[in-house]
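Here is a short report on one protein model. Keep the sequence and the 3D view open as you read.

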Amino acid sequence: MKASWDIFCSVVDNYGDIGVTWRLARQLVAEHRCAVRLWVDDLRAFERLCPPIDVALPQQWQEGVDVRHWPAEWSPVAAADVVIAAFACQLPPAYMEAMAERERAPLWLNLDYLSAEAWVTGCHGLPSVKFKGVQKYFFFPGFQAGTGGLLREAGLLERRRAFQQDPLARKGFLAGLGVFAAPDARLMSLFAYENAGLASWLEALAADSRATHLLVPEGRILGDVQNWLGVEVLAAGAVQVRGALTVQVLPFVRQEEYDQFLWSCDFNAVRGEDSFVRAQWAGRPMLWHIYQQDEDIHLDKLDAFLELYTQGLSPEAKAALIDLWRAWNAGGEMAQGWKKLLEHWPEVAAHAEKWCLEQGSQPDLAAALVQFYLNWI
Ligand code: TRH
């Protein structure tokens with residue numbers, strides 16, 4: 001019999017919570033033949049990533065996943081064999097009782113935030129709290145052996161490579177989005193939170209000797225783009241040219257398309273957790289806007305990732321990359337850092353592909369979860 005899985009997703013803000021859990025749910029169904037219920041408390045956020053979602057329905061099937069609206073008033077259901085609380089969300093008390101009532105206790109996991117910090121390896125898989133005899137475990141995604149790995153669908157890197165080696169596929173995909181960049185232009189994507197450093201970066205791109213075509217999906221950074229451009233309104237479809245820089249605003253695309261979008265670009269600025277991982281699978285140079293946390297603890301996470309990611313780069317290229325990422329995450333001046341990065345572009349580009357292949361040789365997160373369950377039973 002198929003193992004049943006319940007994944008609980010509470011959307012705190014933005015799209016990372018649902019982005020990660022939806023991706024995981026689909027993969028467990030498609031590749032591991034699990035029966036998955038995905039409980040989501042905000043179907044509107046879900047709808048942005050997956051437009052067929054009907055926000056009015058308490059239950060619906062999407063790509064083989066049993067999608068449930070997680071209501072404020074919980075109605076009792078039987079607990080699954082495996083229960084995942086994503087990002088430390090609190091399960092409904094009545095569901096916890098249902099877990100305790102099962103003849104055989106379920107495997108209860110907290111799927112944690114992604115971090116490259118060294119302590120993650122030591123904590124991954126450890127027992128956490130207990131509820132009436134039901135043991136909860138920490139499950140940490142990560143970049144190193146000894147962690148739960150990263151979400152990566154079967155054949156993803158092969159599909160990515162085939163796409164990037166096929167200029168017509170790229171052209172066709174971009175044309176479908178209304179993107180017709182000059183053939184010699186550097187194509188870049190920008191998905192970020194509000195950032196005071198953006199103006200200095202756009203300034204540098206506009207003054208560059210090479211053309212840049214910057215694609216900006218609708219979202220939180222748009223206000224800063226608009227201020228720099230000095231325009232009244234900026235919405236999907238807008239194209240503005242300043243010097244060597246063309247800025248084009250795009251609608252938010254569905255999650256599968258976002259991959260091709262990243263694969264199409266020469267450079268990707270991403271944020272949060274899921275887009276950050278997807279940019280790594282694109283095998284192209286990138287810039288991460290990390291999600292801000294209290295007391296700046298996100299900066300430790302940023303440095304831990306940089307430490308890992310830059311291994312094997314020359315000292316100059318390493319310094320250029322680190323300076324640029326730190327400046328971006330401090331809302332600082334970007335022009336110098338960008339110029340320096342351009343000087344090391346071929347090396348940084350080759351390194352992005354190498355990093356992707358190294359990460360791709362490790363077990364993926366869905367497979368690691370299934371294995372954890374099999375070991376546990
Ligand atoms: O949206 P994010 O900033 O999400 C989060 C949340 O803030 C969360 O609370 C925090 O814990 C977490 O980050 C670390 O960034 P993220 O994770 O990259 O999620 C964005 C999702 O949106 C991702 O699945 C990709 C998807 N996406 C599309 O489907 N289409 C698009 O056009 C774009 C730009 C993104």
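## A buried histidine

His351 sits in helix α14 (residues 345–360). Helices here are DSSP runs (H or I, at least four residues), and strands are runs of E with at least two; both are numbered from the N terminus. His351 has a relative accessibility of 7%, so it counts as buried. Buried means under 20% relative accessible area, exposed means over 50%, and partly exposed lies in between (1.4 Å probe, protein chains only).

Which residues does His351 contact, leaving aside its neighbours within four places in sequence? They are Tyr309, Thr310, Gln311, Gly312 and Leu313. Contact means heavy atoms within 4.5 Å.

## About the model

This is a predicted model: local features need pLDDT of at least 70, side-chain atom pairs count only at pLDDT 80 or more, and totals for chains, interfaces and linings use all residues. Residues are numbered from 1 along each chain as its sequence is written, and side-chain values use heavy atoms, with hydrogens and water left out.

## Two domains

The domain assignment gives domain 1 (4–150 + 362–376) and domain 2 (156–360). Such bounds come from an automatic or database domain assignment. The centres of domain 1 and domain 2, taken over C-alpha atoms, are 29 Å apart.

How many residues are in contact between the two domains? 24 residues of domain 1 are in contact with 26 residues of domain 2. Together the domains bury about 2,300 Å², and 52% of it is on carbon and sulfur atoms. Buried area is the accessible area (1.4 Å probe) that two parts lose on being put together, summed over both.

## Links across the interface

The rule finds three salt bridges across the interface of domain 1 and domain 2. A salt bridge is a side-chain nitrogen of Lys or Arg within 4 Å of a carboxyl oxygen of Asp or Glu. On the side of domain 1 that touches domain 2, α1 (16–32) and α2 (43–49) each supply at least two residues. The largest share of that side, five residues, comes from α1.

Arg26 is found in helix α1. The side chain of Arg26 meets that of Glu256 in a salt bridge (3.3 Å, N to O). Arg26 is buried, at 11% relative accessible area. Beyond its neighbours within four places in sequence, Arg26 is in contact with Glu63, Val65, Gln255 and Glu256.

## An enclosed helix

Look next at helix α9 (residues 255–264). Seven of its 10 residues are buried, so α9 is largely enclosed by the rest of the structure. The buried ones are Gln255, Tyr258, Asp259, Phe261, Leu262, Trp263 and Ser264.

Arg159 lies in helix α5 (residues 156–164). Arg159 is partly exposed, with a relative accessible area of 41%. Not counting residues up to four places away in sequence, Arg159 touches Glu153, Ala154 and Trp263.

## The nonpolar cores

A nonpolar core is a set of buried Ala, Val, Leu, Ile, Met, Phe, Trp, Tyr and Cys residues joined through side-chain atoms within 4.5 Å. The largest one has 76 residues, and Leu190, Trp201, Trp325 and Trp338 touch the most other members. Helix α12 (residues 315–329) gives the largest share, seven residues.
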